[in-house]
Amino acid sequence: MDGSSPPPAVTTHRLIAASAPAHDVERADVEAVGSVAYRKLYKKREPIYPKAAQGVFRRAKWAILGVLLVIYYATPWIRWDRGPGRPDQAVLVDFAGRRFWFGPIELWPQEIYYITGLLILAALGLFLFTSLFGRVWCGYACPQTVWTDLYLWVERRIEGDRAAQIRLAKQGWTLDKIGKKAVKHAAWLAIAAATGGAWVFYFGDAPTLVREIFTGAASPTTYGFIGLLTFTTYALAGAMREQVCTYMCPWPRIQAAMMDEQSLTVTYRKDRGEPRRAFRKGESWDGRGDCIDCKQCVVVCPQGIDIRDGLQLECINCALCIDACDAVMEKMGRPKGLIAYDTDLNMDRRSKGAPERFDLVRYRTVIYALSMVGVAALMLYSLATRQTLQLNVIRDRNPAFVTLADGSVRNGYTLKIINMQPRARDVTLSIEDAPGAVMTIPGATVAGDVAHLRAAPDAVTETHVFVALPREAVHEASHTITFAVSDAVADADGRIAVDRNPTAFLSGVHDDD
Amino acid sequence: MSEHKKDIDAHSGVATTGHEWDGIKELDNPLPRWWLIIFYATIAFSVVYWVMMPAWPTLTGFTHGVRNYSDRAVVAQELSALKAQRAPEFERLMQVSAEQAEQDPALMNFARAAGKAAFGDNCATCHGAGAQGGKGYPNLNDNVWLWGGTLDDIEHTIRVGIRSTHADARFSQMPAFGKDGLLTEAQVTDAAEYVVKLAGGPAKDAAAVRGATIFGEQCAACHGADGKGDRTQGAPNLTTGLFLKADPAAVASKDWTSLRGSIVAQITTGSGGVMPTWEQRLDPATIRALAIYVHSLGGGEATVDPAAATPAAAATNPTR
């Protein structure tokens with residue numbers, strides 16, 4: 001069963017204060033749990049205890065985390081007055097009412113293509129940012145990163161930083177440890193529940209829902225989704241963490257296609273760092289690299305890798321190793337940027353002594369940007385010229401046609417008049433391209449081929465219509481007739497809404513009869 | 001199991017199960033832990049299920065479980081709840097006349113929906129799912145009615161049936177002219193030719209002239225001198241070409257060869273269809289809903305019939 005066992009990945013941590021007194025740089029005697037040397041298929045997960053980093057990128061990440069969480073939690077609470085009888089929540093996906101409310105925009109289920117458009121925009125945006133700045137989505141904005149960061153912060157507040165966490169993991173189950181673990185998991189669960197709780201607010205009136213949730217009056221579906229998202233948040237951000245990025249997420253695989261030699265990636269500058277070795281006080285920097293092998297980049301890494309192994313699938317480009325290394329370089333009196341955002345092109349150019357360059361405008365970025373503009377323009381145009389009065393025609397299939405006593409032929413149709421405006425509309429229904437057609441609608445007055453109907457506000461009005469054609473007007477087994485529905489009054493923009501829908505009129509008649 | 005020497009696979013360092021097929025060995029890898037956990041969870045679940053739900057057969061019955069759950073009881077409960085929920089509308093349907101119900105859009109929608117469901121359960125077997133009928137089974141979509149097409153007529157027909165066991169059943173019997181020897185074979189053919197002519201078909205003139213005389217003597221009593229039928233006796237209008245006892249496809253395509261054969265057969269046998277009485281099987285409200293549904297299929301006639309397709313019949317059209 002057990003083959004050649006791998007060298008144990010050392011997770012111990014000690015301050016090498018005595019042997020390396022110089023520059024009070026903290027050194028860690030560790031190997032990254034996911035380092036290239038120990039990578040192995042079917043490896044059991046080894047816990048990662050990322051050390052807290054300080055620096056420019058860490059501060060930026062906290063700021064972005066805060067902004068994103070505020071957007072997530074606050075959005076359902078933004079109100080938007082749409083008049084009486086209509087929801088006043090700015091962003092609301094109303095499944096029961098079959099409407100999607102987004103500020104002034106109201107979308108019906110059949111207009112789901114707008115959501116498709118948004119998703120295409122989001123995908124193109126992701127492509128654009130990836131080709132420009134590499135995996136900034138992974139490093140800063142991905143929910144997995146944001147919530148994992150939040151969970152790590154909570155963990156450090158309760159169990160302490162990396163060294164304390166490792167000590168706690170090794171010690172027996174004392175009351176203190178049980179207490180700390182219990183508090184940590186309770187806090188995690190609370191955050192997870194709040195995450196799931198906020199999610200359901202997008203699908204119902206938030207103030208009503210929050211009251212219902214706490215009084216037990218909400219629907220089982222609501223509690224079910226809160227439970228589901230509580231579980232996934234707790235599992236993904238608390239237990240699985242880097243495994244989500246490494247094993248579950250398809251994006252690390254796909255992103256390789258988005259990147260080119262000018263995409264920014266977090267890079268260890270081998271040319272400057274090697275040969276690496278511990279620095280002894282008074283030693284000369286000649287003949288050696290700037291990397292003093294203090295492994296601070298390794299201990300801060302939430303993904304458990306060694307950035308010095310080069311570009312790796314596991315690296316989410318969170319830039320915390322940059323912060324860690326910069327702090328060390330500062331203490332050592334060496335220039336910052338041994339680990340930095342860099343491009344393949346510039347690494348190449350530096351090795352040849354050429355000046356660095358970074359072009360924002362490249363074929364790839366221009367194509368992505370133009371595609372985004374194109375999709376956005378298409379969506380805006382379609383939204384601006386959106387039909388608010390639509391007609392769907394469903395022909396009766398059984399019987400397909402009926403021959404009447406006088407020889408005339410009758411077809412039946414179910415008409416769905418879709419009125420997307422909040423006012424009731426008096427509409428005129430007429431039949432085109434069918435001279436002599438006689439329309440009958442149970443419960444409505446019809447003059448020949450024109451009828452007046454009332455389309456209910458913000459609803460689909462269904463009407464069953466019979467159309468009869470005299471025998472002499474029928475020449476073929478199938479005719480095309482067109483239903484047209486038009487508003488009696490003009491819209492606010494002066495246009496009179498009209499929609500036409502051609503359909504078949506079947507007769508069973510052949511001209512040679 | 002006998003003790004055997006562990007066979008370690010050289011490539012993976014994993015022991016094999018000892019099974020080998022054509023040199024291919026099976027590695028003895030452990031089951032994935034997540035899989036194993038789910039497997040044990042399903043076992044635990046099944047134990048909970050045995051306790052909660054009906055599960056095991058016994059000699060005299062079965063274990064009922066703590067919840068004493070029964071799908072059958074739930075369905076019965078849901079059906080009675082549905083019935084109770086619909087009761088007020090059915091009640092309202094019976095409080096007004098069928099005509100008044102048609103004027104009330106909400107009630108009309110309810111009646112049509114209820115009628116459609118009842119039609120599918122009870123009537124579609126003969127009349128077809130779309131009420132399109134078939135050979136011998138009337139099409140209920142058109143405006144051709146044997147016994148009348150007003151709401152009251154339809155409701156009455158559903159209640160008592162045609163040639164059924166009901167005491168008030170609508171009843172008429174066409175003689176079997178050919179079979180019983182009332183007419184000779186040649187006379188039947190001639191009469192059929194006249195009917196073809198009545199319906200606007202390509203009739204042979206000489207035969208049709210002979211047939212006209214026979215029609216006047218034998219058929220006009222019920223079908224009328226003009227062949228437009230008589231609803232008091234359920235005698236069909238023969239001028240529409242929409243023959244009930246003919247293949248619907250032949251009617252639609254006006255296949256006169258086929259239609260002529262069907263007419264001859266009908267004059268020979270005089271067969272009449274049977275529709276059962278529904279009074280004992282359906283409650284009055286359902287029958288009313290059915291009548292409203294059938295009336296709304298497109299051929300329903302107004303109660304006072306000013307523009308009747310068959311004036312002769314309308315003049316003598318009884319309400320019942």
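User: Leaving aside its neighbours within four places in sequence, which residues is T265(A) in contact with?
Analyst: T265(A) is in contact with M259(A), L311(A), N317(A), A340(A), Y341(A) and D342(A); contact means heavy atoms within 4.5 Å. Keep in mind that this is a predicted model, where local features need pLDDT of at least 70, side-chain atom pairs count only at pLDDT 80 or more, and totals for chains, interfaces and linings use all residues. Residues are numbered from 1 along each chain as its sequence is written, chains are lettered from A and ligands numbered from 1 in the order written, and side-chain values use heavy atoms, with hydrogens and water left out.

User: Is T265(A) buried or exposed?
Analyst: Buried: the relative accessible area of T265(A) is 6%. Buried means under 20%, exposed over 50% and partly exposed in between, with a 1.4 Å probe and protein chains only.

User: And which strand is T265(A) in?
Analyst: Strand β4 of chain A, residues 265–268. Strands (E, at least two residues) and helices (H or I, at least four) are DSSP runs numbered from the N terminus.

User: How many helices and strands does chain A come to?
Analyst: Chain A has 15 helices and 15 strands. Of its 513 residues, 46% count as buried.

User: What about domains, how is chain A divided?
Analyst: Into domain 1 (44–249) and domain 2 (389–506), with bounds from an automatic or database domain assignment. The C-alpha centres of domain 1 and domain 2 of chain A lie 49 Å apart. Seven residues of domain 1 of chain A are in contact with eight residues of domain 2 of chain A.

User: Switching to chain B. How many helices and strands there?
Analyst: Chain B has 12 helices and two strands.

User: What does the C-alpha trace of chain B span along its principal axes?
Analyst: About 110 × 60 × 40 Å.

User: And how much of chain B is buried?
Analyst: Buried residues make up 37% of the 320 residues in chain B.
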